[in-house]
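Please keep the sequence and the coordinates at hand while reading.

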Amino acid sequence: MTIKVYGTKESTCSQRVYLALHEKEICDYHIVHVDLLKGEHKRPEFLKIQPFAKIPVYQDEEVTIFESRAIVRYIAEKFKDKGTTTLYGRNLKEKGLVEQWVEVESQNYNPPVDVIVHEEYFNPKYWGATKPNEQVVQENVSKLEKVLDVYEAHLSKNKYLAGDFYSIADLVHIPYTYFLIKYTTKGHVITSRKHVKAWFDDISARKSWQKIAKEYINES
C-alpha cells in the first residue's frame with residue numbers, strides 16, 4: 001500500500017500522523033513536502049485535497065483525509081491488528097475514554113500550547129518575529145496551568161490518559177509538548193508537575209517518538 005503524508009518533518013500536526021504510522025510499524029510511507037514559506041499549501045493543486053490550506057493530508061489507495069486527529073483515528077482503526085493494538089482502545093468503553101481525552105487535548109490542551117510554542121519558537125524561526133508577545137504568552141500559560149492541574153489529578157490515579165494503556169489520547173499530545181519543553185521557556189509547567197512529568201517522560205521515551213525526534217526534528 002502506498003501511503004503519502006503531505007506535510008513537513010517539523011510540523012507538530014504532521015508528526016502526530018508519523019507517530020501513529022510508526023506505532024503501527026508502518027515505516028515506508030512517503031512524505032510529500034509542502035513548503036509553507038513558499039505558500040505551497042495555498043496553491044490550487046493542494047487546495048483540491050485540503051480546501052482549508054493546512055497540513056497534514058493523508059492519502060492511501062482508498063482515501064484522502066485531512067485534520068491530524070482524524071487521520072490518527074483512521075490509522076488506528078485501519079491497522080488495528082498491527083503494531084500497538086491499544087491505540088484506539090480494546091473495547092467500546094476504552095474507545096469512549098480515548099475519544100474523550102483526544103477531545104480534551106483538542107479543545108483544552110492544544111490551544112494554549114499552540115500559542116506558546118508559536119510565540120516563542122515557530123514565529124521567530126520561520127515568520128520573522130523579533131520577540132514573543134509576553135502578554136499573550138503569559139495569558140496562555142495561565143490557561144494551560146489550569147488544564148494541567150486537571151491532568152495532574154487524573155494522572156495521579158491513571159498511568160495513561162484513557163487508563164492503563166497507551167493510546168492515541170496520549171500520542172496526540174507528544175509533538176507540541178516536546179516543543180514546549182525543548183524550545184520554549186515555559187516547559188516548567190510540565191516538568192514541575194510530578195505525575196504529568198512522569199507521564200510525558202514515559203510516552204516521549206517510546207521508540208516511535210525517539211525516531212521522529214532524532215530524524216525529523218533534530219536534523220532540521
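Which residues have the most contacts inside the largest nonpolar core? In this predicted model, that core has 62 residues, and those with the most contacts inside it are Leu-21, Tyr-58, Ile-75, Tyr-151 and Trp-199. Helix H4, which spans residues 92-126, supplies the largest share of this core, namely ten residues.

The surroundings of Trp-199 can be listed in detail: leaving aside residues up to four places away in sequence, Trp-199 touches Tyr-151, Leu-155, Lys-159, Tyr-160, Leu-161, Asp-170 and His-173.

Helix H4 also packs against helix H3 (residues 68-78), and the axes of the two helices come within 12 Å and cross at roughly 160 degrees. Because an angle over 145 degrees counts as roughly antiparallel, H3 is roughly antiparallel to H4. The crossing in which H3 passes H4 is right-handed. The residues that make the contact are set out by helix below.

| Helix | Residues in the contact |
|---|---|
| H3 | Arg-69, Arg-73, Glu-77 |
| H4 | Lys-95, Glu-99, Val-102, Glu-103, Glu-105, Ser-106, Asn-110 |

As for annotation, an unreviewed UniProt entry places the feature "domain: GST N-terminal" at residues 1-83.

Methods:
Residues numbered from 1 in each chain as written. Predicted model: local features only at pLDDT ≥ 70, side-chain atom pairs only at ≥ 80, totals over all residues. Heavy atoms only, no water. UniProt positions renumbered as here; feature names shortened; annotations may be inferred. Core = buried A, V, L, I, M, F, W, Y, C linked by side-chain atoms within 4.5 Å. Buried < 20%, exposed > 50% of the residue type's maximum accessible area, 1.4 Å probe, protein only. Helix = DSSP H or I, 4+ residues; strand = E, 2+ residues; numbered from the N terminus. Contact = heavy atoms within 4.5 Å. Axes fitted to C-alpha atoms, helices over the stretch in contact; angles between N-to-C directions. Parallel < 35°, antiparallel > 145°, perpendicular 65-115°, else oblique. Left-handed = near helix turned anticlockwise from the far one by under 90°.
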